[in-house]
Amino acid sequence: MKHVLDITDLSIEEIDSLIATAMDIIKDKEKYQDICKRKKLATLFFEPSTRTRLSFEAAMLELGGSVIGFSSASSSSSSKGESVSDTVKVVGYYADIIAMRHPKEGAPMAATAVSDVPIINAGDGGHHHPTQTLADLLTIHREKGRFNNLTVGFCGDLKFGRTVHSLVNALSRYTGIKLVFISPDELKIPQYIKTDIIEKTGMPYVETRTMESVMPELDILYMTRVQGERFFNEADYIRLRDYYILTPDKLENAKKDLCIMHPLPRVNEIARSIDKDPRACYFKQVENGKYMRMALIMMLLGGA
Amino acid sequence: MTIDQIENGIVLDHIKAGNAMAIYRYLQLDELDCTVAVIKNVKSAKMGKKDIIKIDSPIDINLDVLGYFDENITVNIIRDGEKIAKKHVCLPEKIVNIVKCKNPRCITSTEQELDQVFRLTDPENRVYRCMYCDSSNNYLP
């Protein structure tokens, strides 16, 4: 039995296989509509989420399976003081697979110690979010057709942005990747990501505070939201939340085939007028996320 | 100053000067009924000065704790007043319930009875990371 807590729990071969399955689902959805019949997915969301939870649920429903679960800690037994381990143990008697989001980092790993069914980490605090990374990878695959030889800019909250950390980790396994980190000093990419991942693999990277200067060289621009829920200090959040706003004038020097990504939800960091730009790929990521979650559920259920 | 030789027990030697009390606490030596001597700032040709702990009882020592604190520590096993074995410790790959994760966002801060597990991720710089949240905890006395 396999759990997916971090993108590195999946080998490059497994990711390639998931992408191939997702592409096949896109081509022929009917072929997969009963593949998880009589299987149940439990979505245990101890922290509110719209996209990820609905994406998992839509993925399971499109595979012909059923969904049970809860969408906030207040509607689960954790509000009565139940531990994550006990909740997961109990749910394991009801469901065949669990997708779990929790505000505490490492909560899904704690759950794996007692779980008899596969667990997918659907986000644990500011730590990992592997299925968002799978959505990002399918988007890059569909938009760029390759994972090698890309200059990828990450902009905004690079400190708490778990999607950034996971994607950097995933890209570190490919060749010819150059990273550009655009952030205020307070939200820079953590040192351990640099020392443990980037410098170990020798990926070239630069850090800057302005996006305009680096825009012409980017193949991908990955925007992020400054996440208020990760701040202990409200004043810091208010000061930093509008630090970067992508507007059409900032794209004037960008490549014609730039791929603009964002894990969503967006607040102010991408102007609505960009949505019409063919380079905007953030809503495609949402769709791709569902296909990759379908592929992942199938894989973890043994091809269902 | 004279400290009696022990008959059956363990001598922890070559402890970095100043670390003995921390090791005493982590090994929970205060819970022993036998004689325990903590000798600080002993002159050493190799180290300048060092600490030594003598335990007059043949107890099991958690070598991972010692390796985590100081991989230069040597463990001498004493039987009938004679040194019968000398063990060297090494930096352990994993330490369990020796240090606590300080990250307030880590699941270990709320989940009951969860082991505190740290993995060695960078031996050169002696960096251990929490198995759950990946925070580093470089507490070295």
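**Ground rules**

I count residues from 1 along each chain as its sequence is written, with chains lettered from A and ligands numbered from 1 in the order in which they are written. Since the model is predicted, local features need pLDDT of at least 70 and side-chain atom pairs count only at pLDDT 80 or more, while totals for chains, interfaces and linings use all residues; side-chain values use heavy atoms, with hydrogens and water left out.

**Entry: chain B overall**

I started with chain B, which has 2 helices and 8 strands. Both kinds of element are DSSP runs numbered from the N terminus: helices are H or I with at least four residues, strands are E with at least two. From the N terminus on, I read the order as β-α-β-β-α-β-β-β-β-β. The C-alpha trace of chain B spans about 50 × 30 × 25 Å along its principal axes.

**Entry: the sheet in chain B**

Next I looked up an open sheet of 3 strands in chain B, and its order is S6-S7-S8 with antiparallel pairing. Which strands stand at the edges? They are S6 (94-96) and S8 (127-130) of chain B; each has a single partner strand, so one side of each is left without a neighbour in the sheet. From one strand to the next the twist averages 30° (axes are lines fitted to C-alpha atoms, for helices over the stretch in contact, and angles run from 0 to 180 degrees between N-to-C directions).

I then went through the pairings; two strands pair if DSSP finds at least two bridges between them. S6(B) and S7(B) pair in the antiparallel sense over 3 bridges, and B:Lys94 stands opposite B:Arg119 in S7(B). S7 (residues 117-122) of chain B pairs with S8(B), also antiparallel, over 4 bridges. There I found B:Leu120 opposite B:Tyr128 in S8(B), and B:Asp122 has B:Val127 as its bridge partner. S7(B) and S8(B) make a hairpin with 4 residues between them, and B:Arg126 in the turn has a positive phi of about 55°.

**Entry: the largest pocket**

I turned to open spaces. On a 1 Å grid over the protein atoms alone, a pocket is an open set with protein on both sides within 12 Å along at least five of seven lines, a cavity is a set of points where a 1.4 Å probe fits but cannot get out, and lining residues have an atom within 4 Å of a point. Grid points are joined across faces, edges and corners, and a volume is the space filled by probe spheres set on the points.

The largest pocket holds about 610 Å³. It is lined by 27 residues, and those closest to its centre are A:Asp6, A:Thr8, A:His128, A:Asn169 and B:Asp134. Which element gives the most to this lining? That is H7(A), with 5 residues. S7 and S8 of chain B are among the elements that each supply at least two residues. By class I noted 10 nonpolar, 9 polar and 8 charged residues (Ala, Val, Leu, Ile, Met, Phe, Trp, Tyr, Cys and Pro count as nonpolar, Asp, Glu, Lys and Arg as charged, and the others, Gly among them, as polar).

**Entry: the second largest pocket**

This one has about 380 Å³ of space. Of its 20 lining residues, A:Arg101, A:Arg162, A:Arg225, A:Leu264 and A:Pro265 are the closest to the centre. The lining has 4 nonpolar, 9 polar and 7 charged residues. Where does the second largest pocket lie? Domain 1 (7-128 + 287-300) and domain 2 (131-284) of chain A both give residues to its lining, so it lies between them; the bounds come from an automatic or database domain assignment.

**Entry: cavities**

H9(A) gives the most to its lining, with 5 residues. The lining includes A:Arg51, A:His262, A:Tyr282 and A:Arg293. By class it has 4 nonpolar, 6 polar and 2 charged residues. Domain 1 and domain 2 of chain A both contribute to the lining of the largest cavity, so this cavity too lies between them.

**Entry: aromatic pairs**

Last, I counted 9 aromatic pairs over all chains. Rings of Phe, Tyr and Trp (its six-membered ring) pair if their centres lie within 6.5 Å; planes under 30 degrees apart count as stacked, over 60 as edge-to-face and the rest as tilted. A:Phe46 and A:Phe70 are edge-to-face, 5.1 Å centre to centre with 85° between the planes. A:Phe46 sits in the loop between S1 (40-45) and H2 of chain A and A:Phe70 in S2 (residues 66-70) of chain A, 24 residues apart, so I noted the pair as linking distant parts of the chain.
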